[in-house]
Amino acid sequence: MAEQISIVDKISVLHARFEEVSLLITDPDVIADRKRFEKLTREYKELERILAKGDEYTLAVKTIEEGREMLQTESDPDMVALIKEEIAAAQDALPVLEDEIKLLLVPADPEDAKNAIVEIRAGTGGDEAALFAADLYKMYVKYCESKGWRTEVTGMNEGTLGGFKEIVFTVTGADVYGTLKYESGVHRVQRVPQTETQGRVHTSAATVAVLPEADEFDVEVKESDIRIDTFCSSGAGGQSVNTTYSAVRLVHIPTGIVVQSQDERSQLKNKAKALAELRTRIYNLEHQKYLDEIAGKRKTMVSTGDRSAKIRTYNYPQGRITDHRINLTMYNLSAFMGGEIQEMLDALIVAENTERLKEAEL
C-alpha cells in the first residue's frame with residue numbers, strides 16, 4: 001500500500017505542476033521567450049503523457065478500495081462475483097501501470113524529441129563497403145517513410161562502383177533522435193560482393209552516426225568564426241547546378257569542423273542547410289561528453305557514444321541480423337533491409353529502459 005500512496009502522491013504533485021505549466025505557456029511574456037516556451041511546451045507534453053497513465057493507476061486503486069467496501073455490505077451472489085472480478089482486474093493492472101509510471105518518471109533524454117542528422121560512411125571493404133553504405137541508407141529511408149518522417153540529403157560522396165563513400169541526410173519528425181540513436185556504431189556485413197568471381201563471402205563495414213539536430217538557440221555560432229567557401233556543385237542536378245557557384249562549404253575556425261551543402265540550386269538555401277549541420281556538429285561536441293558520461297552505466301547501448309563499436313552484423317548467406325549489444329538474432333534480413341527495423345529498435349528501447357530504471361533505483 002505504501003507503494004500505491006507514493007505513486008498517487010507523485011501523480012498529485014505532477015497534476016499541480018501540469019496546471020502551472022498550462023498557464024505559463026499561454027503567458028505572452030513566456031511565448032515571447034522562444035527558448036523558455038519550447039522548454040515548457042516539451043514539459044507539458046511529457047506531463048500530459050505521465051498523467052494519462054497516472055489517472056489509469058488512480059482509477060485502479062479507487063476501484064479496489066471501493067470494491068472492498070462494497071463487498072462488506074453486498075449480499076447478492078451475482079453482484080459479489082462481479083465486484084470481485086473488477087477488483088481482480090484492477091489488481092492485475094496495478095503492477096503493469098506501476099512499471100510504466102516508474103519509467104515515465106525517470107527523466108527522459110532531452111535530446112530524444114529532436115530531429116536528427118544521420119551520417120553513413122563506408123568503412124573497411126573498399127567498393128563493397130560503399131555499396132553496403134548505400135543499402136543502409138535505403139533501409140533508413142524506407143523506415144523513415146513508414147514512420148511518416150521526412151528525409152533530405154545534405155551531402156554525399158559516391159563510390160567508384162556505386163554506393164556511397166559517405167552520405168549525410170536529415171530526418172525530420174516526432175521523436176526522431178530518440179528512435180534512431182540506437183543505430184550509431186559500426187554495421188558489419190558478410191556477403192559475396194558483386195565483384196567476387198569465386199563466390200567467396202567477404203566482410204565489410206560501414207559506420208553510422210546519428211546526431212541530435214541542434215536548434216538555433218542551442219548553439220550560438222558567430223559569423224566571425226566561420227569561413228565561407230563557394231564552389232560549383234558536382235553530380236546530378238542539371239546545368240544550372242553544375243555551372244553556378246551554388247555549393248557552400250563552411251569552416252568553423254575555433255573547432256576546425258567543416259560542413260558543406262550542394263543539393264540546392266540556391267546558394268542561400270545551401271548555406272542555411274550547411275549552417276544547420278554546423279550547429280549540430282558543434283552542439284554534439286558537448287553532447288558527446290554526456291554520452292561518454294553514461295557509457296559505464298549503459299554498456300549495452302550505442303547511446304553510450306562509442307561509435308567505433310561493432311553493434312550489428314548482417315549475414316546474407318544465413319539471412320540473419322545479429323545485434324551484439326543485446327545478443328538478439330533475427331532471420332528476416334530481406335525485410336529488415338527493406339526498412340522493417342522496428343522490432344529490433346523496440347528490443348533496444350526495452351533494454352535501455354531497463355538500464356534507466358536501474359540508474360534511477362526506483
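Predicted model: local features only at pLDDT ≥ 70, side-chain atom pairs only at ≥ 80, totals over all residues.

Trainee: Is the crossing of helix 3 and helix 4 left-handed or right-handed? And how do the residues of the contact divide into nonpolar, polar and charged?

Mentor: Helix 3 and helix 4 cross in a left-handed manner. Their contact comprises 16 nonpolar, four polar and eight charged residues.

Trainee: How many aromatic pairs does the structure hold?

Mentor: There are six aromatic pairs. To classify a pair, one examines the ring centres and the angle between the planes, with angles over 60 degrees counting as edge-to-face. The ring centres of Tyr143 and Trp149 are 5.8 Å apart and the planes stand at 85°, so this pair is edge-to-face. Both Tyr143 and Trp149 are buried. Elsewhere, Phe132, Tyr314 and Phe336 form one aromatic cluster.

Trainee: Which residue lies over the face of Tyr316?

Mentor: That residue is Arg191, at 4.9 Å from the ring centre of Tyr316.

Trainee: How should I read a residue within a strand, such as Ile120? Is Ile120 buried or exposed?

Mentor: Ile120 belongs to strand 1 (residues 116–122). Its relative accessibility is 0%, so Ile120 counts as buried. In sequence, Ile120 and Val208 are 88 residues apart, yet their C-alpha atoms are 4.6 Å apart in space.

Trainee: What should I look for in the backbone angles?

Mentor: Most residues other than glycine have a negative phi. Asp175 is not a glycine, yet has a positive phi of about 55°. Asn327, also not a glycine, has a positive phi of about 50°.

Trainee: Where are Asp175 and Asn327 found?

Mentor: Asp175 is in the loop between strand 3 (164–172) and helix 6 (176–180). The loop between strand 10 (320–323) and strand 11 (328–330) contains Asn327.

Trainee: What are the relative accessible areas of Asp175 and Asn327?

Mentor: For Asp175 the relative accessible area is 43%, so this residue is partly exposed. Asn327 has a relative accessible area of 67% and is therefore exposed.

Methods
Residues numbered from 1 in each chain as written. Heavy atoms only, no water. Phe/Tyr/Trp six-rings, centres within 6.5 Å; stacked < 30°, edge-to-face > 60°. Buried < 20%, exposed > 50% of the residue type's maximum accessible area, 1.4 Å probe, protein only. Lys NZ or Arg CZ within 6 Å of the ring centre and 35° of its normal. Left-handed = near helix turned anticlockwise from the far one by under 90°. Helix = DSSP H or I, 4+ residues; strand = E, 2+ residues; numbered from the N terminus. Nonpolar A, V, L, I, M, F, W, Y, C, P; charged D, E, K, R; others polar.
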